[in-house]
Amino acid sequence: MGHSDVVPAGPGWTRQPYNAEVEGDRLYGRGATDMKGGLAAVLVAMDALRRSGAKLSGPVRLSSTVDEEDLGLGIRHLTARGLGREFRGCIVAEPTDLQTVIACRGDSYLEVEITGVPAHSGRPADGRNAIDAAAALLTLIKQDHEKHIRELDPLLGSPTWNVGKIEGGRATSMVAPSCHVWLDRRLMPGEDPEQIVSELRTAVDQAGITGDGISMDIEITMSMPGFRTDQDHVLVSTVHGAVADVGGAASIGGWTAACDGGFIARDHGVPTVVMGPGGLNDQAHQVDESVSVRELTQAARAYTLAALRLLSR
């Protein structure tokens with residue numbers, strides 16, 4: 001499975017971002033790595049399976065979702081509708097440099113609206129400053145982040161916080177009556193964003209940030225679960241072996257990013273791995289994004305082999 005949407009191209013490209021261009025072993029274009037390249041490799045593999053006439057014990061299905069780069073509307077619709085049957089496994093064709101990823105963090109977006117009391121800046125004690133309250137909140141978040149990174153999971157690292165955006169106040173000469181903060185909280189498999197918000201509210205109350213004119217509302221605007229598949233599972237050994245057999249740099253590891261596969265693993269109990277062409281850290285969401293043509297070919301062959309081996313009678 002995979003997603004068909006891409007992030008905006010943005011400025012700085014030296015090539016046309018939406019016109020695929022091949023130079024040497026590289027195919028350039030927005031989405032070449034994340035993740036239209038992976039989807040193309042899956043389609044080639046499915047066509048190869050069809051043309052081979054191989055007798056398989058079950059179907060090979062491609063789910064191509066939309067909105068993965070934002071709120072995950074596509075995978076939520078698919079999950080709510082149901083898969084319609086049982087599957088032996090799910091391979092997410094996200095860019096992993098052909099590494100077989102058996103564990104993946106999840107993600108959640110939190111928006112915090114802080115309301116204070118306006119006043120003239122000449123008499124700040126007459127008001128209650130929402131930006132001051134936001135600063136105290138971010139101190140708590142930083143402390144929680146630093147606590148988590150002291151204990152690292154060997155595959156996934158740790159949960160992390162990031163403050164992505166903040167807006168507040170009305171004028172320099174006023175005590176700020178409001179402030180809005182956008183937060184990203186990366187999730188370990190099994191973590192519940194609702195529980196995280198509950199714990200954050202408790203910490204805010206205990207720190208004395210709210211009350212006396214200051215109120216705070218926290219909303220979860222997006223959540224995507226993580227997952228972990230046992231390294232001894234047949235899906236893992238099959239995919240890993242297929243990559244090795246097509247000449248890929250086969251290895252098994254974890255992913256600190258998030259993907260749609262977490263929904264398939266959590267909501268439908270389907271064993272899941274991530275394996276695809278291209279590099280997440282050096283190409284995805286980058287200017288002049290590209291993917292190796294050789295790696296695309298290896299991915300298509302690995303998907304074909306994995307399906308044949310998993311579904312052979």
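Residues are numbered from 1 along each chain as its sequence is written, and side-chain values use heavy atoms, with hydrogens and water left out. Because the model is predicted, local features need pLDDT of at least 70 and side-chain atom pairs count only at pLDDT 80 or more, while totals for chains, interfaces and linings use all residues.

**View 1. Helix α1 against helix α7.** Helix α1 (residues 36-52) and helix α7 (residues 293-310) have axes that come within 8 Å and cross at roughly 50°. That angle makes α1 oblique to α7. Axes are lines fitted to C-alpha atoms, for helices over the stretch in contact, and angles run from 0 to 180 degrees between N-to-C directions. Angles under 35 degrees count as roughly parallel, over 145 as roughly antiparallel, 65 to 115 as roughly perpendicular and the rest as oblique. Helices (H or I, at least four residues) and strands (E, at least two) are DSSP runs, numbered from the N terminus. The crossing of α1 and α7 is right-handed; the near helix is turned clockwise from the far one by less than a right angle. On the α1 side the contact (heavy atoms within 4.5 Å) includes G37, G38, A41 and V42, and on the α7 side it includes L296, A299, A300 and Y303. The contact has 12 nonpolar residues, 3 polar and no charged. Ala, Val, Leu, Ile, Met, Phe, Trp, Tyr, Cys and Pro count as nonpolar, Asp, Glu, Lys and Arg as charged, and the others, Gly among them, as polar.

**View 2. Helix α5 against helix α7.** Helix α5 (residues 234-245) packs on α7 at an angle of about 140°, with the axes 8 Å apart. The two helices are therefore oblique to each other, and α5 passes α7 in a right-handed crossing. Residues of α5 in the contact include V234, L235 and T238, which meet a set in α7 made up of A302, L305, A306, R309 and L310. By class, this contact has 9 nonpolar, 2 polar and 2 charged residues.

**View 3. Helix α2 against helix α6.** The axes of α2 and helix α6 (residues 261-268) lie 10 Å apart at an angle of about 20°. The pair is therefore roughly parallel, with a right-handed crossing. I75, R76, L78 and T79 of α2 face F263, I264, D267 and H268 of α6 in the contact. Its residues comprise 4 nonpolar, 2 polar and 2 charged.

**View 4. The largest pocket.** This pocket holds about 580 Å³ of space. Of its 29 lining residues, V60, R61, G89, C90 and I91 are the closest to the centre. At least two lining residues come from each of α1, β5 (90-92) and α7. The lining has 21 nonpolar, 4 polar and 4 charged residues. A pocket is an open set of points on a 1 Å grid over the protein atoms alone, where a 1.4 Å probe fits, with protein on both sides within 12 Å along at least five of seven lines; lining residues have an atom within 4 Å of a point. Grid points are joined across faces, edges and corners, and a volume is the space filled by probe spheres set on the points.

**View 5. The second largest pocket.** About 420 Å³ of space lies here. E69, R186, A257, A258 and H285 are the closest to the centre among the 19 lining residues. The elements giving two or more residues to the lining are β7 (106-115) and β10 (215-224). By class, the lining has 8 nonpolar, 4 polar and 7 charged residues.

**View 6. Two backbone features in loops.** D34 and M35 are joined by a cis peptide bond, with omega about -15°. M35 sits in the loop between β3 (26-28) and α1. D67, a residue other than glycine, has a positive phi near 70°. The loop that holds D67 runs between β4 (64-65) and α2 (73-81).
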